[in-house]
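Here are my notes on the two-chain model. Please read them with the structure open.

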Amino acid sequence: MKTANKKVTATRLVKDALEKAKHFEDYHIFTFLNEEGALKKAKEIDARIARGEKVGRLAGVPYALKDNFLSPEGETTASAHILEGFTSPVTATAVEKLEAEGAIMIGRTNLDAFAHGSSTENSYYGPTLNSHDRARVAGGSSGGSAVAVALDIVEFATGTDTGGSIRQPASFNGIYGFKPTYGTISRYGVVAMASSLDCIGFFTRTPEDMDLLMSIASGQDPKDMTTLPDYYNEAVASAKLDDSRLAPARPFAFGNSRPKGRALRGSGAHSAPVVADGLEPSNSCTRIGIVKEFDNDSVDTEIREALKEKCELLKSKGHEVVGLEMPTLKYALAAYYIIQPAEVASNLSRHDGIRYGFRSENSTDLDGLYEHTRDEGFMSENKRRIMTGNFVLSSGFYDAYFLKAAKARTLIVQEYEKAFSKCDFILSPVSPNPAFKLGEKVNDPVAMYLEDLMSVSLNLAGVPGLAIPAGKTKAGLPVGLQLVGPRRSDKRLIEFAKELA
Amino acid sequence: MEVNCDTIKHLAKLSNFSLSDAEIKSLGGDLNSIIGYISQLDELDVENIEPTYQVFEMENVWRADEILPQDATREQLLALTKEEKDNQIKVPKVL
């Protein structure tokens, strides 16, 4: 990460980033450029450097913020019409942490409205173009963030991942994209999509940058009751202090037998010798699982070849590759497209035109105000998800859909636990195909949902996944793979990604 | 299962949308293909399986029951609404 110093000032870094952002304007990456605010902050950091004061680990580093993170700089619209005009008085915890280290937000990035989509075509502001082929989609929902990093406009960008929204656009644009273990980074101040699945993460060009950002952003937040204690940084510290914590992991049990406290290391039970997360020597033999169910004709040939090549690379470095059978993953997408819309329907019921954002002019009474505001303010895909959610939750259908999906989720969690008793990490495609053409799937919701086939199960199980670049197709499109680990293996996972570079 | 026009209208009401006839038709078609897809879960045997609603590993997280300073003031929040009068949000008539 290039930070500011006396020679290369924060002002220079920010001006360069803003210039590049303007140069690539026709890619529709940004919904807001923070020119005034970013330059003001850069000058403050330069003044501190000139005075010889200590500056943060991200001093003067320009970054792009997905437009579903709240901060007072620019409107937070989530690329949705219904949030038009909303300038937040509060700041997301993740943004506070990044900026406390000196990072400077140069712009807000485009997404599928409310993060509903896999192409950024569902944005109220129009689609973002792919960094490698302008006729193709950026992926989604964090399309703007991925392209901002891929085109080298910024050093890093934030994203949210509910079912693949970081990993898929990262793979479509040839960069790293990380979805951490559920609860690693505070969700406070981020527009909620599906609360039991939503994760905050980043886009970077190297695993080293990802590690730095994770060590800054991780940790418990009193404003988000679903944040875990800071295991990410503790992994390093605890190994030095306390050998008793290096005992083999106990698998995480669901239901009433849930273990209390922090007994959940979640690393593969067999992986001997057991060392603290993040400290496994890189030259040790790691066992990598390949999911048989994802190796068939429904996956693009060139992606399957890329996976094979990486397997050969790992073997040549002394690692072991094992086959895994995970038959329940076949049902992950159906379970996801029940659970996620149900939570979406609940979370989006707050948008009523009364307290903030857009309000329809076409009504004379209160009920009409709600209905017209929501009808005019939401995109078609938002409506599909809200209505599907209300369908699977409504009386008469709840048991057959929502409850059944929640039970399927248990099986998926168990399937991952079983898989990680046989391997340390799983390597799989992120999506069945490289970036597709603009307009190709936007009118066929199920075709678009199938994009998420191999990414959603991680969110259902709460496990971390890192999208890594894995070369290009003959046509020059980036290919990405995802490295998946047990809960709280995030640091080891990012460390191991260096083996695949 | 097939979702008919009445069900779509009912779902629109539950969702607080005032949909045009054209939208009822197009969303109805979409919803039928989505429901068709998610119905494949029928094949999965979930007999005697407990449901999972969250994958957060912690038990209840407690805090003291005390009023803490908020991130936004009353004035800042009221400034976000379209119409305000006497420190209240103004809405169209209810009755």
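How many residues does the contact take from chain A, and how many from chain B?

1. The interface. This is a predicted model, and the points below should be read as such. The contact takes 60 residues from chain A and 44 residues from chain B. On the side of chain A that touches chain B, five helices each supply at least two residues: α9, α10 (366-377), α11 (380-393), α12 (399-419) and α13 (445-449). The largest share comes from α12(A), with 11 residues. By class, this side of chain A has 34 nonpolar, 12 polar and 14 charged residues.

2. Chain B. The chain holds 3 helices and 2 strands. From the N terminus on, the order is α-α-α-β-β. Its radius of gyration is 23 Å, whereas the globule rule gives 12 Å for 95 residues, so chain B is more spread out than a compact globule. The C-alpha trace of chain B spans about 55 × 45 × 20 Å along its principal axes. Buried residues make up 19% of the 95 residues in chain B.

3. The largest nonpolar core. This core has 162 residues. The members that touch the most others are A:Y63, A:I104, A:V154, A:F203, A:A335, A:I338 and A:I412. Helix α9 (residues 332-347) of chain A gives the core its largest share, 11 residues.

4. What does A:V154 contact, leaving aside its neighbours within four places in sequence? The partners are A:A17, A:P62, A:Y63, A:A64, A:I106, A:A148 and A:V149. One of them, A:Y63, is also listed with A:V154 among the residues that touch the most other core members.

5. Helix α10(A). The helix has 12 residues. From its first C-alpha to its last it reaches 16 Å, close to the 16 Å expected at 1.5 Å a residue. Its buried residues are A:L369, A:Y370, A:E371, A:T373, A:R374 and A:G377. Among them are the charged residues A:E371 and A:R374.

6. Backbone geometry between β3 and α4 of chain A. Most residues other than glycine have a negative phi, and most peptide bonds are trans. The loop between β3 (104-109) and α4 (143-150) holds A:S141. The peptide bond from A:G140 to A:S141 is cis, with omega near 10°. A:F114 lies in the loop between β3 and α4 as well. This residue is not a glycine, yet its phi is positive, about 60°. Is A:F114 buried or exposed? A:F114 is buried, because 31 other C-beta atoms lie within 10 Å and the cut-off is 20 or more.

7. A:R488. Here too phi is positive in a residue other than glycine, near 70°. A:R488 sits in the loop between β11 (478-484) and α15 (490-497) of chain A. It counts as buried, with 29 C-beta neighbours inside 10 Å.

8. A:T181, a contact of A:R488. A:T181 lies in the loop between β5 (176-179) and β6 (199-204) of chain A. It is buried, with 28 other C-beta atoms within 10 Å. Leaving aside neighbours within four places in sequence, A:T181 is in contact with A:G462, A:V463, A:P464, A:R487, A:R488 and A:D490. The C-alpha atoms of A:T181 and A:N459 are separated by 8.6 Å, although the two residues are 278 residues apart along the chain.

Note on methods
Residues are numbered from 1 along each chain as its sequence is written. Chains are lettered from A and ligands numbered from 1 in the order in which they are written. This is a predicted model: local features need pLDDT of at least 70, side-chain atom pairs count only at pLDDT 80 or more; totals for chains, interfaces and linings use all residues. A nonpolar core is a set of buried Ala, Val, Leu, Ile, Met, Phe, Trp, Tyr and Cys residues joined through C-beta atoms within 7 Å. A residue is buried if 20 or more other C-beta atoms lie within 10 Å of its own, exposed if 12 or fewer, and partly exposed in between; C-beta atoms are placed from the backbone. Helices (H or I, at least four residues) and strands (E, at least two) are DSSP runs, numbered from the N terminus. Two residues are in contact if their C-beta atoms, placed from the backbone, lie within 7 Å. The radius of gyration is taken over C-alpha atoms; the globule rule is 2.2 Å times the number of residues to the power 0.38. The expected span of a helix is 1.5 Å times one less than its number of residues.
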